[in-house]
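The entries below follow the order in which I looked things up.

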Amino acid sequence: MKKFFFAVFALVMSINANAFEFDGIDLNGNIADITKQVSAKGYAFDDVKNGLVGNCQGTDILLRFNYEKVSQQGKLGQLIVEIPMSEPNSLDIIVKTFNVVYHLKDKADNRYTYVVSNDGTTVTVSKSNGLICLTYNTPYYKA
């Protein structure tokens, strides 16, 4: 359980360092640069999962990038991180951690939305089918 908590905490802190940065990659850049930098970090596209699979702090995760629903072409609208966590209390642990790090904006149906930056970037935390899903919505996201 300690490994689980520290893996999640490390992931949160790597994202928390800068709202537009993930694992040292500036997510405010153009699509081609982001894709190259993510691939250079060892993330590889998986056709079956329709996303980039990689290892972050010892945990295999899935990344998805939404470049389509954006207010400005060439910008990132969403970063979706899926973390396999089948422990029954995994959502509670994530929420307790996020409650310390971020400001809770909204809670509905086991979906918690936090403000992560002054520029309007938010993250929604949810759980389904043994996965914790972190959905980062940038200011460029158009619902």
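**Notebook: helix ends, core and loops**

I began just after α2, where G42 takes a positive phi of about 100°. Helices here are DSSP runs of H or I with at least four residues, strands are runs of E with at least two, and both are numbered from the N terminus.

Before reading further I noted that this is a predicted model, in which local features need pLDDT of at least 70, side-chain atom pairs count only at pLDDT 80 or more, and totals for chains, interfaces and linings use all residues. Residues are numbered from 1 along each chain as its sequence is written, and side-chain values use heavy atoms, with hydrogens and water left out.

I then went to the start of α2, residues 31-40. There a side-chain oxygen of N30 comes within 2.8 Å of the backbone nitrogen of D33.

Next I looked up the overall make-up. The chain has three helices and 10 strands, and along the sequence they run α-β-β-α-β-β-β-β-α-β-β-β-β.

I checked burial (buried is under 20% relative accessible area, exposed over 50%, partly exposed in between, with a 1.4 Å probe and protein chains only). Of the 143 residues, 43% are buried. The chain exposes about 7,900 Å², and carbon and sulfur atoms supply 49% of that area. Such areas come from the Shrake-Rupley method with a 1.4 Å probe; for residues, only the protein chains shown count as cover.

Which residues have the most contacts inside the largest nonpolar core? I found L63, F98 and L134, in a core of 29 residues. A nonpolar core is a set of buried Ala, Val, Leu, Ile, Met, Phe, Trp, Tyr and Cys residues joined through side-chain atoms within 4.5 Å. Elements giving two or more residues to this core include α2, β5 (59-66) and β10 (131-137). The most comes from α3, with four residues.

Leaving out residues up to four places away in sequence, L63 touches F22, V38, Y43, G51, L52, L79, I80 and V81. For the chain, residues 24 or more positions apart make up 46% of the contacts with a separation of 6 or more.

Last, I looked at two loops. D109, between β7 (103-108) and β8, has a positive phi near 50°. D109 is exposed, at 75% relative accessible area. N129, between β9 and β10, also has a positive phi, near 50°. N129 is exposed as well, at 79%. I noted both because most residues other than glycine have a negative phi.

Terms used:
Polar contact = N/O pair within 3.5 Å; in protein donor to acceptor, adjacent residues only side chain to side chain. Contact = heavy atoms within 4.5 Å.
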